[in-house]
Amino acid sequence: RKNPDLEFHELDANDLEDSFHASTFDLVTLLNVLEHTWIPNEARVLAQVWRVLKPGGTVLVTSAAFAALARRHDRMAMSRRRHTLPRMRTLLEQAGFSSIRGTYFNLSSTPLAWLSARWDAMHKEGQSYGSLRELSVPPRIINSGMKLLMAGERTIGRLFGRLPFGVSLLCAGQKPVEIPLPWDQPEPHRAPCMAAKLREEVCV
């Protein structure tokens with residue numbers, strides 16, 4: 001309502017290439033998307049995001065973190081995987097992104113999530129999915145308390161660069177402004193070699 005000129009599209013993240021032209025967006029956000037069961041191939045989704053971003057554009061990714069924290073809540077939310085920062089960095093690098101940076105967050109919930117995961121692991125047999133109220137928005141007083149905790153985490157992040165662990169992670173990467181070509185190598189002899197190969201000549 002505040003921005004009546006905005007357009008909203010309901011799309012499948014697995015098929016962005018069928019919906020948008022290349023180099024369309026300055027920013028693409030994947031907020032708790034890649035961990036879900038309906039994403040069979042994370043690399044394919046990130047490759048499509050890279051395609052629709054303009055050179056210099058940014059992708060912002062959040063995801064559930066650490067497989068050890070997987071619990072009933074994940075099954076109810078149809079999550080199939082949890083990520084770590086090294087794993088997410090690898091996925092982004094393989095998709096062609098650079099200037100990758102990230103942090104964990106929601107650190108204060110980690111002990112409770114870990115205890116919940118251990119409880120679920122010990123009582124897995126015959127366990128039901130539970131009430132869908134677990135996925136509902138919590139009361140305002142709880143949300144207000146979480147906002148204060150998250151503000152504290154932001155302060156810690158500014159002081160130390162990133163949080164060492166947390167229930168979730170945040171990662172950002174940039175599509176390079178200039179796409180490096182195979183012959184754009186630092187060694188001075190690489191360019192003529194590649195040119196010779198392109199001319200189907202022997203390079204020695």
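Here are some questions and answers about the structure above.

User: Before we dig in, what kind of model is this, and at what pLDDT do side-chain atom pairs count?
Analyst: Residues are numbered from 1 along each chain as its sequence is written, and side-chain values use heavy atoms, leaving out hydrogens and water. It's a predicted model, where totals for chains, interfaces and linings use all residues, local features need pLDDT of at least 70, and side-chain atom pairs count only at pLDDT 80 or more.

User: Is His-83 buried or exposed, and at what relative accessibility?
Analyst: His-83 sits in the loop between helix H2 (72–76) and H3. Leaving out residues up to four places away in sequence, its contacts (heavy atoms within 4.5 Å) include Leu-34, Met-88 and Leu-169. The cut-offs are under 20% relative accessible area for buried, over 50% for exposed and partly exposed in between, with a 1.4 Å probe and protein chains only. His-83 therefore counts as buried, at 2%.

User: Which side chain makes a polar contact of 2.7 Å with that of His-83?
Analyst: A polar contact is a pair of N or O atoms within 3.5 Å; within protein, one must be able to donate a hydrogen and the other to accept it, and residues adjacent in sequence count only if both atoms are side-chain atoms. At 2.7 Å, the partner of the His-83 side chain is Ser-63.

User: How far apart in sequence are the parts tied together by Arg-44 and Asp-15?
Analyst: The two side chains form a salt bridge at 3.4 Å, N to O, the rule being a side-chain nitrogen of Lys or Arg within 4 Å of a carboxyl oxygen of Asp or Glu. Arg-44 is partly exposed at 36%, and Asp-15 is partly exposed at 30%. Since Arg-44 lies in helix H1 and Asp-15 in the segment before E1, the separation is 29 residues.

User: Arg-82 and Asp-74 also meet in a salt bridge; what is the N to O distance?
Analyst: Arg-82 is buried, with a relative accessible area of 14%. Asp-74 counts as buried too, at 6%. Their N to O distance is 2.7 Å.

User: What is the handedness of the crossover from E1 through H1 to E2?
Analyst: E1 and E2 run parallel, joined by six bridges; strands pair if DSSP finds at least two bridges between them. Phe-25 stands opposite Leu-53 in E2. A crossover is right-handed if, with the strands pointing away from the viewer, the path from the first strand over the helix to the second runs clockwise. This β-α-β crossover is right-handed.

User: Which residue in E4 is the bridge partner of Thr-62?
Analyst: E2 and E4 pair in the antiparallel sense over seven bridges. Within E4, the bridge partner of Thr-62 is Leu-170.

Note on methods
Helices (H or I, at least four residues) and strands (E, at least two) are DSSP runs, numbered from the N terminus.
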